[in-house]
Amino acid sequence: MSDNKTKSPLAHQIGGDHYKSAYQPIEFITRFRLLKIEGDLVKYITRHYKKNGKEDLEKAYHYLTLGNQFECLWKLPENMSRSFFNEELNRYAKENNITEMEYSVIYECLMGDRDYGMRVLRSLIDNYDEYYKK
């Protein structure tokens, strides 16, 4: 039996290691049944440190503007509580080293205040070099 057949697909990534974490974006996205627009927001915010930097935050912002244009709004699945979502988002943020401001973008956009999330994300982009000093 091939080793690939026994490993979880989460253990394998094609083209880099920018999603390697104990709680990967695809797990969070599918657990909460995020729309593509919200899923891409989470994905690009999560990976920007390890992949394309500021460009990935700009992609996240672009998806939010598309979400506004198409009037897409994600809703918490009916069988899930807000407290469970908050616990999982906290765990996801911790596992992926999401900053407080990045967390607030994800949280606010998913909980319905996309305008506030967009303002915070725009600030992160405009002040990227200062905010993400190494």
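This is a predicted model: local features need pLDDT of at least 70, side-chain atom pairs count only at pLDDT 80 or more; totals for chains, interfaces and linings use all residues.

User: Okay, how many helices and strands does the protein chain have?

Analyst: There are 8 helices and 0 strands in the protein chain. Reading from the N terminus, the order of elements is α-α-α-α-α-α-α-α.

User: And what share of the residues is buried?

Analyst: Of the 134 residues in the protein chain, 41% are buried. The accessible surface comes to about 8200 Å², and carbon and sulfur atoms account for 49% of that.

User: What about contacts across the sequence, what share comes from residues 24 or more positions apart?

Analyst: Taking contacts in the chain with a separation of 6 or more, 64% are between residues 24 or more positions apart.

User: Let's talk about the core. Which residues touch the most other members of the largest nonpolar core?

Analyst: That would be F28, F85 and L121, in a core of 34 residues. Helices α2 (25-31), α3 (36-47), α4 (54-69), α5 (82-95), α6 (100-111) and α7 (114-126) each put in at least two residues. The largest share of the core comes from α6, with 6 residues. As a general point, nonpolar side chains in soluble globular proteins tend to be buried together.

User: Which residues does F85 touch?

Analyst: Leaving out residues up to four places away in sequence, F85 touches F28, F32, W74, L76, Y107, L110 and M111. F28, one of those partners, is also among the residues that touch the most other core members.

User: What does I29 touch?

Analyst: I29 touches L34, G39 and V42, again not counting residues up to four places away in sequence.

User: Switching to charges: how many salt bridges does a search of the whole structure find?

Analyst: The search finds 9 salt bridges. One of them pairs R31 with E88, where the closest N and O atoms are 2.7 Å apart. This pair links distant parts of the chain, with R31 in helix α2 and E88 in helix α5, 57 residues apart.

User: How exposed are R31 and E88?

Analyst: R31 is partly exposed, at a relative accessible area of 35%, while E88 is buried at 10%.

User: What about K43 and D40, what do their side chains form?

Analyst: They meet in a salt bridge, at 3.3 Å from N to O. K43 and D40 are 3 residues apart in helix α3, so about one helical turn separates them. K43 is partly exposed, with a relative accessible area of 22%, and D40 is buried, with 6%.

User: And how do the side chains of D126 and R122 meet?

Analyst: Also in a salt bridge, 3.2 Å from N to O. D126 and R122 sit 4 residues apart in helix α7, which means about one helical turn between them. D126 is exposed, at 51% relative accessible area, whereas R122 is partly exposed at 29%.

User: Last one: which residues are linked in a network of salt bridges?

Analyst: R47, E55, D56 and K59 are linked that way.

Methods:
Residues are numbered from 1 along each chain as its sequence is written. Side-chain values use heavy atoms; hydrogens and water are left out. A nonpolar core is a set of buried Ala, Val, Leu, Ile, Met, Phe, Trp, Tyr and Cys residues joined through side-chain atoms within 4.5 Å. Buried means under 20% relative accessible area, exposed over 50%, partly exposed in between (1.4 Å probe, protein chains only). Contact means heavy atoms within 4.5 Å. Accessible areas come from the Shrake-Rupley method with a 1.4 Å probe; for residues, only the protein chains shown count as cover. A salt bridge is a side-chain nitrogen of Lys or Arg within 4 Å of a carboxyl oxygen of Asp or Glu.
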